[in-house]
2 protein chains.
Amino acid sequence: MPSRPFSIALLGATGAAGRAVLEVLEDRDVPLSEVKLLATARSAGQEIDFRGEPHKVQAVAPGAFRGCDLALLCAGAEASRAWAPVARAEGALVVDDSAAFRDEAGVPSVVPEVNPEALDLAAGGLVANPGSLAIALALVLKPLQAAAGLTQAVCVTYQCVSGAGLRGVEQLEREASDLMNGREPQPPTRIRHRIAFNLVPQVGEVGADGVSAEEAGLARETRRLLGLPGLPMSATAVRVPVFYGHAAALHLGLARPLAVEEARAALRAAPSVKVLDQPGEGIYPMPMLAVNDDSVLVGRLRADAALPNGLALFLSIDNLRKGGATNLVQLAELLAARRPVA
Amino acid sequence: MPSRPFSIALLGATGAAGRAVLEVLEDRDVPLSEVKLLATARSAGQEIDFRGEPHKVQAVAPGAFRGCDLALLCAGAEASRAWAPVARAEGALVVDDSAAFRDEAGVPSVVPEVNPEALDLAAGGLVANPGSLAIALALVLKPLQAAAGLTQAVCVTYQCVSGAGLRGVEQLEREASDLMNGREPQPPTRIRHRIAFNLVPQVGEVGADGVSAEEAGLARETRRLLGLPGLPMSATAVRVPVFYGHAAALHLGLARPLAVEEARAALRAAPSVKVLDQPGEGIYPMPMLAVNDDSVLVGRLRADAALPNGLALFLSIDNLRKGGATNLVQLAELLAARRPVA
């Protein structure tokens, strides 16, 4: 059944996430009756090519969402808090890419391959796109949970600078260029410390309990996407000098023994998961392979001696594609299909 | 009591590890009666400045260790296997920097702050310098073991390219320069895949059980240094685009509850450990801070929800200093002090 065309307004069209959304809309040939590109005043006026046509980016303002079926908000949490209520009031369904509403009770956070049923809860007309690594973890953990039951999960991340937006990309680019040319790099602009040829073990603010916003969110979102509110889970989140593609090491405890070969088979059968696991041949997930892939890559599967029925693995995901824009566009398509026929 | 001068032969003087040893010998003002710099034929003939004097690097050959109190072997496992027996036969005590003998029963592997008593076992006149991250883990885990008892440990690493020697450094340098200048990088020369702006989740060969040599060695060495042969421990080892300084995330289960503040106090009191733990001010371990420090840096201390009495932390160590040359020189000093007085 061909889906009915729908109209969208994309807020944050000039940012890293917004550009990825336009790319995914083109790649998936999503039937759109109208596309309105919006940005905050600072970036308005730019022209962006979409499907071979130049589109002028307009400044977001009250009235901007009127007549749009969907509003895709990709300009960060602050902009989402400001404009989501406006978009709803103007009649648009909202898919929000930021963390602004991810923890709100009435707002479903959805990975279509994992918890599509949660979309039914979108009574308020607002759906949250989960964080990049929560999407990756949910895709990989769901089949393992089904196969052997999760009892505990430790997740340690390697997060690229584009997760901090174009300004993160620019900081790494500038610092790497300065250092390779023997110049002292300028003070950091987006990530708190020098990131080129360094590691920064902080993603988001760190709370009084010593846990960073990313670490807390990753555990909370993963539990929610899997429907396992009591899952004992912890995370360490670290920014690494990689431009595109997040990665993570997972060490899992399982309720029942699961042979590595069975785990591999369960993952091979899972949607939007690609198993790359021939380490002898140098085949395993890496950011350079994840980029532009709409699946999460998983490999390095092996028994884990530290945890009961333990299983360890390594994964990588394009934070701007399936870990961002692709999942967001999937949600937009699902919401649009639910509109009553006019 | 001033220590008696001793003579050394340093094999691998032109490599990354050997150069770091010369730097540490200078920094610590180690009393040396003679220094002989050795290398394989390929690098012999070079001149290296040490304590303000040029030293010609000689090709290693039978007889090269005669008259030396100590042989410091820093030219990799293959060279160590070849030359350690020669050095012993020629009357030198051996401190080996490679992994060649780390698992041999009669060969103690020692971190002086952790298991100095193991030196007594050096009946064969051969001591192994532990791997960089095993040194870091042993220094950090010993006080936590004493305070609350370890029940399990998950270690996920971020390992810099100098851990793969000067050729690792050269690969990252060349690739980063190529990519920053818009050139396609050459095929990798030392690390299996492109490492610039990428991650490679393999350090050492991967066995049939899916575990890499680094991951297996890290668990084995840590258990041995701590004297906890049964400790349930697992690791994920990943190469990252950092030149100098390893890092690791540790997630620990403890036998008894240990408040974060108590853990911090135990670590503050431990030798060769520096606590950097004010994440609100952006203060935590990072490779750029670990470089040239002779302590392991530890921070991001917090409770871990996934493990019983769980504790999580992040650490960084200069792989060429305390995670290499400094520990090796400490071992050389201890061995030299045990020589019978002539």
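Two residues are in contact here if their C-beta atoms, placed from the backbone, lie within 7 Å. With that, 52 residues of chain A are in contact with 52 residues of chain B.

Before going on, the conventions. This is a predicted model, in which local features need pLDDT of at least 70 and side-chain atom pairs count only at pLDDT 80 or more, while totals for chains, interfaces and linings use all residues. Residues are numbered from 1 along each chain as its sequence is written, and chains are lettered from A and ligands numbered from 1 in the order in which they are written.

Back to the interface. Helices (H or I, at least four residues) and strands (E, at least two) are DSSP runs, numbered from the N terminus. On the side of chain A that touches chain B, the elements giving two or more residues are β9 (150-158), α4 (166-180), β10 (233-236), β11 (246-254), α7 (287-290), β13 (296-304) and β14 (310-317) of chain A. By class, that side has 34 nonpolar, twelve polar and six charged residues. For the classes, Ala, Val, Leu, Ile, Met, Phe, Trp, Tyr, Cys and Pro count as nonpolar, Asp, Glu, Lys and Arg as charged, and the others, Gly among them, as polar.

Next, helix α8 (residues 321-337) of chain A. This helix has a kink of about 30°, centred on N327(A); the bend at a residue is the angle between axes fitted to the seven residues ending there and the seven starting there. Of the 17 residues of α8(A), 14 are buried, so the helix is largely enclosed by the rest of the structure. Buried means 20 or more other C-beta atoms within 10 Å of the residue's own, exposed means 12 or fewer, and partly exposed is in between, with C-beta atoms placed from the backbone.

What does α8(A) pack against? Helix α3 (residues 132-148) of chain A packs with α8(A) at an angle of about 90°, their axes 8 Å apart. Axes are lines fitted to C-alpha atoms, for helices over the stretch in contact, and angles run from 0 to 180 degrees between N-to-C directions. The two helices are therefore roughly perpendicular to each other, a label for 65 to 115 degrees; angles under 35 count as roughly parallel, over 145 as roughly antiparallel, and the rest as oblique. S132(A), L133(A), I135(A) and A136(A) of α3(A) make the contact with K322(A), G323(A), G324(A) and N327(A) of α8(A). These residues divide into three nonpolar, four polar and one charged.

Last, some single residues. L25(B) lies in helix α1 (residues 16-27) of chain B and is buried, with 23 other C-beta atoms within 10 Å. Leaving aside neighbours within four places in sequence, L25(B) is in contact with V30(B), L32(B) and V329(B).

Two non-glycine residues have positive phi. S272(A), with phi near 60°, is in the loop between α6 (260-268) and β12 (273-275) of chain A. Buried or exposed? S272(A) counts as buried, with 22 C-beta neighbours inside 10 Å. D29(B) has a phi of about 55° and lies in the loop between α1 and β2 (32-39) of chain B. With 8 C-beta neighbours inside 10 Å, D29(B) counts as exposed.
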